[in-house]
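Have a look first, and then we can walk through it topic by topic.

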Number of protein chains: 2
Amino acid sequence: MSFPSLKNDVFIRSLLRQPVPYTPLWLMRQAGRYLPEYNQTRARAGSFMGLAQNPEYACEVTLQPLERFDLDAAILFSDILTVPHAMGLGLDFVAGEGPQFARPVRTEADVSALRVPDLSELRYVFDAVSLIRKELDGKVPLIGFAGSPFTVACYMVEGQGSDDYRLIKGMLYSRPDLLHRILEINTQATIAYLNAQIQAGAQAVMVFDSWGGVLADGLFQQFSLAYTRKVVEGLVRENDGQRVPVIVFTKGGGLWLEDIADSGCDAMGVDWTVNLAKARRRIEDRVALQGNLDPMALFGTEDAIRTEARRVIDDFGPVGLGGHVFNLGHGISRFTPPEAVGILVDEVHSYSRRNH
Amino acid sequence: MSFPSLKNDVFIRSLLRQPVPYTPLWLMRQAGRYLPEYNQTRARAGSFMGLAQNPEYACEVTLQPLERFDLDAAILFSDILTVPHAMGLGLDFVAGEGPQFARPVRTEADVSALRVPDLSELRYVFDAVSLIRKELDGKVPLIGFAGSPFTVACYMVEGQGSDDYRLIKGMLYSRPDLLHRILEINTQATIAYLNAQIQAGAQAVMVFDSWGGVLADGLFQQFSLAYTRKVVEGLVRENDGQRVPVIVFTKGGGLWLEDIADSGCDAMGVDWTVNLAKARRRIEDRVALQGNLDPMALFGTEDAIRTEARRVIDDFGPVGLGGHVFNLGHGISRFTPPEAVGILVDEVHSYSRRNH
């Protein structure tokens with residue numbers, strides 16, 4: 001496929017630790033419920049899955065935040081649970097309760113029945129990627145994404161969100177063989193899924209390990225990071241002659257930065273508990289860093305938003321050599337006032353240009 | 001007050017990094033809903049607060065786990081929210097929803113009205129401490145406790161548990177002066193509360209900073225740890241000629257171990273994301289460590305429970321010099337099979353004796 005050439009490559013350059021004129025930024029879940037226009041499209045689509053499975057709607061909401069804000073990247077509007085949905089687990093988004101699976105994976109028989117899904121089941125995602133690439137017209141790069149094998153397994157086993165991860169950890173501590181089989185299948189599915197996104201036009205990809213941080217030291221490395229590493233190793237890192245950078249984000253992974261940096265990724269996402277200066281010293285600049293403002297800072301005064309944004313930029317250090325992509329440390333809250341995002345974007349760009 | 005002398009001081013000795021014959025253990029929330037006998041007493045008491053506010057009932061449930069298991073310490077049965085309840089915020093435990101305050105603290109007027117409570121409002125706690133000390137008859141030491149000023153403030157501002165801490169963080173980022181005033185009042189109240197527990201007979205005290213770990217780097221130090229340190233500095237560390245050790249536990253505080261070790265505490269609680277060997281190297285054995293098995297490991301097979309327990313003990317290193325108190329990295333789950341606790345206690349004691 002051939003697409004218009006990229007006008008703003010600051011995000012890609014910074015991920016590859018190449019010189020940049022300012023600190024690029026985008027926000028996790030930037031297309032979402034804090035935007036009234038998103039809620040309108042979602043209402044037209046009828047449901048979350050109706051939105052995610054329709055490439056036109058997915059494209060529309062992906063582009064919405066870029067109309068409002070001078071962001072340096074777009075991210076595909078989708079969900080990390082499309083993959084287990086394609087495996088036949090029956091994903092539903094229950095109002096006020098989040099995602100739920102009709103057929104969670106808990107027994108040996110459930111695990112034996114599990115298969116890497118046929119990619120044709122996920123064609124709506126790849127169609128959305130290509131459509132968004134076309135509509136972006138080279139304005140900014142498009143990020144594709146998937147959940148990490150462990151994070152996706154959490155939902156597959158728990159059947160929904162959890163606050164103690166009792167079912168998946170119960171499986172880990174009583175039938176680790178079953179969990180390893182799920183993780184292996186998720187890994188193969190994720191490699192195929194992300195490579196198809198890259199082929200469809202994604203210019204960078206991100207692996208969300210949203211729940212790896214709930215594991216004990218030692219078990220994180222064994223049950224989460226080992227599989228994320230396999231995913232990264234399985235990716236086609238170039239398309240159309242361009243390097244496709246890979247970002248790995250483990251929420252709550254601050255104690256394991258050295259391990260994660262060795263996963264083969266180009267950049268590592270970090271949450272707000274991590275000090276970026278210390279993180280750089282620990283990983284000796286082997287990979288770029290993405291993050292890490294607390295999303296709740298956007299509920300502060302204008303002054304506080306600007307101060308906190310500068311603190312993140314200053315913690316990282318000099319801007320010119322790249323290696324930092326500004327972001328939140330987790331998805332933006334649905335209650336965020338959109339004006340707060342405008343202030344943040346302005347401060348990150350203007351302050352980092354001044355301190356270039 | 002004069003109490004029977006202590007027969008088993010292994011817990012106290014290990015906290016003070018003195019030689020011990022084995023690794024002592026107790027479990028956070030060891031008196032609780034996973035025990036049928038607890039549920040029976042609670043049913044008789046009518047409600048959680050009915051249980052906590054009645055010294056006889058509180059004593060009864062405190063001693064229950066010691067009847068079943070060979071634990072090395074008892075911990076007062078109570079709740080970290082007794083202090084704001086005494087401030088007049090109206091604590092209620094709603095079935096299935098956890099603690100709620102009728103009158104949360106959110107506005108400048110709310111903060112201005114806040115006062116350090118009269119200790120007579122908390123007399124039921126100190127009476128329970130003295131009664132438990134008497135009934136323990138020197139079997140094992142009794143731990144008193146309180147929430148950290150920040151953790152207690154989370155509940156006071158949110159009015160209940162939260163998964164994003166939007167209200168307290170909104171206050172932090174928009175009216176930090178108000179939050180500092182709450183924290184100062186909580187600090188003074190906590191010092192008085194813990195000193196009264198010590199005077200009533202508590203032989204060690206623990207400060208639970210359950211939610212400090214949700215703060216950004218830099219803000220944790222400023223809004224949580226600085227106040228915990230003031231609490232530690234304000235404590236009377238000796239009673240009846242015995243040193244009263246202080247344990248500070250910050251869930252999710254693994255990135256800040258060096259800072260927490262400098263709080264003046266004798267020991268630091270750590271959750272399961274922390275590797276104990278690395279933790280010891282980082283803090284250079286300035287304080288003892290308490291932890292850190294994932295409570296969910298108790299849902300594993302007998303073999304897994306024993307393996308994971310040994311892993312924690314081995315990570316800490318040689319047993320003989322003390323400095324380690326075995327515990328979970330968070331409170332025990334209400335769904336835990338009591339037999340699993342029996343296996344854990346057996347393994348910790350027998351394995352650490354063998355590896356002495």
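B:N292 is found in strand 10 of chain B, and a cis peptide bond, with omega about 0°, joins B:G291 to B:N292. Please keep in mind that this is a predicted model. Most residues other than glycine have a negative phi, and most peptide bonds are trans.

**Strand 10 of chain B and its surroundings**

- Six of the six residues of strand 10 (residues 288-293) of chain B are buried, so this strand is largely enclosed by the rest of the structure.
- Strand 9 (residues 267-269) of chain B runs parallel to strand 10 of chain B, and three bridges join the two.
- If you want a pair to click on, B:M268 has B:L289 in strand 10 of chain B as its bridge partner.
- The path from strand 9 through helix 13 (residues 276-283) to strand 10 of chain B is a right-handed β-α-β unit.
- Strand 10 of chain B also pairs with strand 11 (residues 324-328) of chain B, in the parallel sense and over five bridges.
- Here B:Q290 stands opposite B:V325, which belongs to strand 11 of chain B.
- Strand 10, helix 14 and strand 11 of chain B make a right-handed β-α-β unit.

**The sheet of chain B**

- Chain B has an open sheet of seven strands in the order 1-4-5-8-9-10-11, with parallel pairing.
- Which strands stand at the edges of this sheet? They are strand 1 (74-75) and strand 11 of chain B; each has a single partner strand, so one side of each is left without a neighbour in the sheet.
- Strand 8 (residues 246-250) and strand 9 of chain B run parallel and are joined by three bridges; in strand 9 of chain B, B:G269 is the bridge partner of B:F249.
- Helix 10 (residues 176-200) of chain B lies across strand 4 (142-147) and strand 5 (204-209) of chain B, and it runs at about 170° to strand 4 of chain B.

**A hairpin in chain B**

- Strand 2 (residues 91-94) and strand 3 (residues 98-101) of chain B pair in the antiparallel sense over four bridges.
- Within this pairing, B:D92 has B:Q100 in strand 3 of chain B as its bridge partner.
- Three residues lie between strand 2 and strand 3 of chain B in this hairpin, and B:G96 in the turn has a positive phi of about 80°.

**Backbone angles worth a look in the loops of chain B**

- B:R29, a residue other than glycine, has a positive phi near 65°. Its place is the loop between helix 1 (10-15) and helix 2 (36-45) of chain B.
- Is B:R29 buried or partly exposed? B:R29 is partly exposed, because it has 18 other C-beta atoms within 10 Å and a buried residue needs 20 or more.
- B:Y165 is not a glycine either, yet it has a positive phi of about 55°. You will find B:Y165 in the loop between helix 8 (149-158) and helix 9 of chain B.
- B:Y165 counts as partly exposed because it has 19 C-beta neighbours inside 10 Å.

**The sheet of chain A**

- In chain A, an open sheet of seven strands has the order 1-4-5-8-9-10-11, with parallel pairing.
- Its edge strands are strand 1 (74-75) and strand 11 (324-328) of chain A, each of which pairs on one side only.
- Helix 14 (residues 302-316) of chain A packs on the sheet and touches strand 10 (288-293) and strand 11 of chain A; its direction makes about 155° with that of strand 10 of chain A.
- Strand 4 (residues 142-147) and strand 5 (residues 204-209) of chain A pair in the parallel sense over five bridges, and A:F145 has A:M206 in strand 5 of chain A as its bridge partner.
- The peptide bond from A:G291 to A:N292 is cis, with omega near 0°, and A:N292 lies in strand 10 of chain A.

**The nonpolar core**

- In soluble globular proteins, nonpolar side chains tend to be buried together.
- Of the 253 residues in the largest nonpolar core, A:I143 and B:I143 touch the most other members.
- Leaving aside neighbours within four places in sequence, the contacts of A:I143 include A:I75, A:L76, A:V205 and A:M206.

**Where the chains meet**

- The contact takes 27 residues from chain A and 27 residues from chain B.
- On the side of chain B that touches chain A, helix 9 (166-174) and helix 14 (302-316) of chain B each supply at least two residues.
- Helix 9 of chain B gives the largest share of that side, five residues.
- By class, the side of chain B that touches chain A has eleven nonpolar, ten polar and six charged residues.

Technical notes
Residues are numbered from 1 along each chain as its sequence is written. Chains are lettered from A and ligands numbered from 1 in the order in which they are written. This is a predicted model: local features need pLDDT of at least 70, side-chain atom pairs count only at pLDDT 80 or more; totals for chains, interfaces and linings use all residues. Two residues are in contact if their C-beta atoms, placed from the backbone, lie within 7 Å. Ala, Val, Leu, Ile, Met, Phe, Trp, Tyr, Cys and Pro count as nonpolar, Asp, Glu, Lys and Arg as charged, and the others, Gly among them, as polar. A residue is buried if 20 or more other C-beta atoms lie within 10 Å of its own, exposed if 12 or fewer, and partly exposed in between; C-beta atoms are placed from the backbone. Two strands pair if DSSP finds at least two bridges between them. A crossover is right-handed if, with the strands pointing away from the viewer, the path from the first strand over the helix to the second runs clockwise. A nonpolar core is a set of buried Ala, Val, Leu, Ile, Met, Phe, Trp, Tyr and Cys residues joined through C-beta atoms within 7 Å. Axes are lines fitted to C-alpha atoms, for helices over the stretch in contact, and angles run from 0 to 180 degrees between N-to-C directions.
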